[in-house]
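The sequence and the structure come first.

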Amino acid sequence: MAKKTECVAMLLAGGQGSRLGILTKNIAKPAVPYGGKYRIIDFPLSNCVNSGIYTVGVLTQYQPLVLNDYIGNGQPWDLDRTNGGVHILSPYQQIKGSEWYKGTANAIYQNINFIDRYDPEYVLVLSGDHIYKMDYSKMITFHKEKQADCTIAMLEVPWEEASRFGLMILNEDGSISEFEEKPKNPRSNKASMGVYVFTWKKLRQYLIDDENKEGSSNDFGKDVIPAMHGDGQRMFAYQFDGYWKDVGTIGSLWDANLDLLNPKIGLDLSDDSWRIYSRNPSLPPHYISPEATIQNSMITEGCEIEGTVDFSVMFANVTVEEGALVQYSIVMPGAVIKKGAVVQYSIVAENTVIDENAVVGQCPEDTKPGEWGVAVVGENVHIGKGVKIKANTMTDKDVEPSAVE
Amino acid sequence: MRVNNIVGIIYSNAYDSALSELTALRTMGSVPFGGRYRLIDFALSEMVNSGITKVGVITKNNYRSLMDHLGTGKSWDLSRKKDGMFILPPFSNADSHKAYNNRIEALTGTLDFIRNSKEDYVVMCDCNVLCNIDLGKFFHAHIESGADITIAYHHGKTPATDPVTFELDGSGRIISAPLANISSEESDYSLNIYVLRRSLLERLINEANSMGCTSFLRDVIGRNLEKLKIYGYEVADFVRVIDSLQSYFNISLELLDKDNRKALFHPERPVYTKVRDNESAFYALGSNVGNSLVADGCKIYGTVENCILFRDVVVSKNAVVRNSIIMQDSYIGEGARAENVIFDKGVTLKPGKVLCGALDYPVYVGKNITV
């Protein structure tokens with residue numbers, strides 16, 4: 001039996017993130033690079049550690065290779081521990097056969113034994129696709145104070161965007177009276193962040209019941225939460241103030257990266273008291289040549305910049321050669337932008353080469369109304385000399401000059 | 001040939017006095033270098049990349065910063081159950097309470113470590129020699145030549161740290177090892193990187209002690225040139241010896257040259273260091289940076305030219321920094337100007353202040369000082 005632990009975190013990292021298209025062709029969404037040095041999963045993992053939660057189960061299913069390798073023994077997050085630590089939980093074979101995780105609730109259900117080993121009072125359920133810094137320990141304290149069975153983290157979103165979220169309508173005491181899933185005419189702007197604290201005894205029973213229920217989709221939002229609510233369990237909303245972003249789409253991933261360049265956005269990555277940890281590639285500092293110009297951008301270790309970089313985020317080991325221009329773009333680790341190439345309003349994935357004088361992406365003003373979007377070039381792709389890649393496209397195969405002529 | 005049949009020994013304090021400003025509060029090994037490293041990272045990484053899994057780090061004094069940097073050796077994959085990194089502080093016995101004064105005494109103090117190692121060979125090196133060589137090749141050359149001891153040397157301008165120079169015969173055997181004549185411009189000088197059998201090292205230390213010798217190179221090597229087969233191994237790659245504050249300054253700025261960077265930060269032999277988990281460096285609107293090496297966590301609003309900026313340095317609006325080495329957590333205030341300076345960790349240059357050295361006489365500002 002493992003040592004008794006007050007709270008175990010379960011991080012749902014099995015999702016494909018299909019709306020990220022070719023970026024998640026070979027990697028799970030939580031492994032998508034973000035913010036120059038990180039992968040998305042660094043945020044919930046670092047939040048756990050900074051909140052004093054040292055037992056974390058990471059539920060993986062879709063393309064887990066990169067993610068498993070990245071998490072490894074959890075050392076970058078101080079999660080290589082004698083008691084607890086990070087555990088990769090993949091679907092496994094059981095006596096009655098093997099099953100994939102059918103839904104978020106089923107993923108936890110299949111790992112009841114893992115959680116029981118720690119005999120926790122509370123279980124924190126997180127998703128691996130949000131960018132935010134949050135002290136979960138405060139939320140757990142709130143959960144205790146309210147003697148709640150389930151506490152859902154909640155964020156007030158602008159009314160005009162409210163219809164994109166799962167919303168909650170609250171009673172005066174902060175308890176939840178109603179849920180609305182992406183309503184056309186929202187009656188509330190209090191959106192669920194996909195962060196839950198459950199009293200384990202209660203959740204355990206509901207997971208078993210849900211599993212036995214025919215026709216259930218075994219999903220937290222669709223099945224378990226409504227069932228608990230229907231039974232009148234004590235459910236509360238915990239208000240979070242601060243930066244929170246779901247990076248589920250290409251547009252929002254691009255936005256969330258560029259947010260880092262905006263001093264008005266409240267996501268401070270340089271805060272010593274709440275570091276976001278990541279696996280380190282052991283590269284020297286980046287070099288800026290005499291010819292280079294860099295404006296309002298982030299540049300990471302190992303980069304060699306000889307061209308112009310404006311309003312962009314450059315990940316580790318990116319090369320921008322002389323005369324190349326990178327604007328409003330996200331360039332992921334190891335990519336090379338050759339001489340004279342132009343990359344604008346784009347996401348260039350890992351180890352891709354944009355050859356000389358190629359043009360990737362377009363400015364919004366150069367496209368017809370309604371046609372603009374971020375251009376995405378997938379990993380390990382070669383974009384040939386002089387090739388033009390239009391806005392709002394995804395390219396996951398090499399494009400050679402002859403192919404376009 | 002199994003490279004993990006070698007135990008590594010690094011002297012973290014060698015030639016501290018050559019860089020007295022930077023080593024006032026630390027060892028040579030923990031002198032910051034290259035934007036995010038300490039000098040010992042190069043020797044340690046070299047060993048680890050060559051497959052050595054047991055390294056002893058000999059320290060003498062001021063080693064708190066070194067201990068802090070090395071920790072358990074995790075960053076170099078040297079935090080291990082079997083072998084790993086061993087910090088060897090001075091060993092004081094009942095009759096001598098002072099730390100050792102020379103390499104022989106240092107080695108004598110670590111005889112237990114050497115004796116208790118299982119490996120057949122020992123590689124020893126210092127921290128003031130900056131290079132990234134393949135120690136596997138070095139070891140291989142040692143075995144091939146059938147030498148008793150092999151010492152790495154470099155041909156170039158003789159450094160000012162009283163090095164020993166070598167005279168070699170056609171086979172690479174060292175026939176004489178005179179002290180460098182400082183006036184001599186170029187020579188084949190010792191890099192103090194040795195490989196030899198562990199049993200031989202033990203014997204040599206005991207002999208040297210009984211004869212009251214003090215210098216490993218002069219007395220032990222010099223006296224045994226005939227009795228033992230001592231060979232030289234030329235390192236033709238990028239090698240620099242830090243022998244003064246001026247050379248520290250110059251060598252640092254040499255990293256602005258692409259070829260030097262490629263040689264020192266060889267992709268096949270990465271240099272590991274303690275991780276600080278900084279975010280990427282931020283370049284604000286209106287910043288102006290050219291020909292500089294910048295580490296993560298920096299925030300740049302002003303002008304930076306020909307500089308090495310360590311982690312978490314802030315260069316404020318309208319500030320200008322040129323030809324300078326600015327270490328971790330330093331802050332350059334608004335409108336301030338610094339040229340040809342070396343700022344140790346955590347230096348603050350107040351808004352509007354101007355501090356200029358000369359290229360051949362850089363100004364050094366000590367740790368946590370506010371100007």
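## Local positions and overall chain figures

Val381(A) sits in the loop between strand 30 (375–377) and strand 31 (382–383) of chain A; helices (H or I, at least four residues) and strands (E, at least two) are DSSP runs, numbered from the N terminus. This is a predicted model, in which local features need pLDDT of at least 70 and side-chain atom pairs count only at pLDDT 80 or more, while totals for chains, interfaces and linings use all residues. Residues are numbered from 1 along each chain as its sequence is written, chains are lettered from A and ligands numbered from 1 in the order in which they are written, and side-chain values use heavy atoms, with hydrogens and water left out.

Val381(A) has a relative accessible area of 2% and is buried. Buried means under 20% relative accessible area, exposed over 50%, and partly exposed in between (1.4 Å probe, protein chains only). Not counting residues up to four places away in sequence, Val381(A) touches Thr352(A), Val353(A), Thr395(A), Asp396(A), Lys397(A) and Asp398(A), where a contact means heavy atoms within 4.5 Å.

In chain B, Gln328(B) is placed in the loop between strand 22 (325–326) and strand 23 (331–332). Gln328(B) counts as buried at 11% relative accessibility. Leaving out residues up to four places away in sequence, Gln328(B) touches Arg276(B), Phe310(B), Arg311(B), Val313(B), Lys345(B) and Gly346(B).

The loop between strand 22 and strand 23 of chain B also holds Asp329(B). Asp329(B) is not a glycine, yet its phi is positive, at about 65°. Its relative accessible area is 38%, which makes Asp329(B) partly exposed. Most residues other than glycine have a negative phi. In chain A, Asn317(A) has a positive phi near 65°. Asn317(A) is in the loop between strand 21 (313–314) and strand 22 (319–320) of chain A, and is partly exposed with a relative accessible area of 37%.

Glu105(B) belongs to helix 3 (residues 103–109) of chain B. With a relative accessible area of 31%, Glu105(B) is partly exposed. Val129(B) is 24 residues from Glu105(B) along the chain, and their C-alpha atoms are separated by 21 Å.

## Cysteines

A disulfide is a covalent bond between the sulfur atoms of two cysteines. Here a disulfide is taken as a pair of cysteine sulfur atoms within 2.5 Å. By this rule there are zero disulfides over all chains. Cys150(A) is in no disulfide, and the nearest cysteine sulfur, that of Cys7(A), is 13 Å away. Cys150(A) is buried, at a relative accessible area of 0%. Cys307(B) is buried, with a relative accessible area of 0%.

## Whole chains

Chain A has nine helices and 33 strands, and chain B has nine helices and 28 strands. The radius of gyration of chain B is 21 Å, close to the 21 Å that the globule rule gives for 371 residues, so chain B is as compact as a globular protein of that length. For the 405 residues of chain A, a compact globule would have a radius near 22 Å, and the 22 Å of chain A agrees. The radius is taken over C-alpha atoms, and the globule rule is 2.2 Å times the number of residues to the power 0.38.

| Chain | C-alpha box along the principal axes | Buried residues |
|---|---|---|
| Chain A | roughly 65 × 50 × 45 Å | 58% of 405 residues |
| Chain B | roughly 65 × 45 × 40 Å | 60% of 371 residues |

Among contacts in chain A between residues at least 6 apart in sequence, 57% join residues at least 24 apart. In chain B, residues 24 or more positions apart account for 59% of the contacts with a separation of 6 or more.

The accessible surface of chain A is about 16,900 Å², with 46% belonging to carbon and sulfur atoms. Chain B exposes about 14,700 Å², and carbon and sulfur atoms supply 47% of it. These areas come from the Shrake-Rupley method with a 1.4 Å probe; for residues, only the protein chains shown count as cover.
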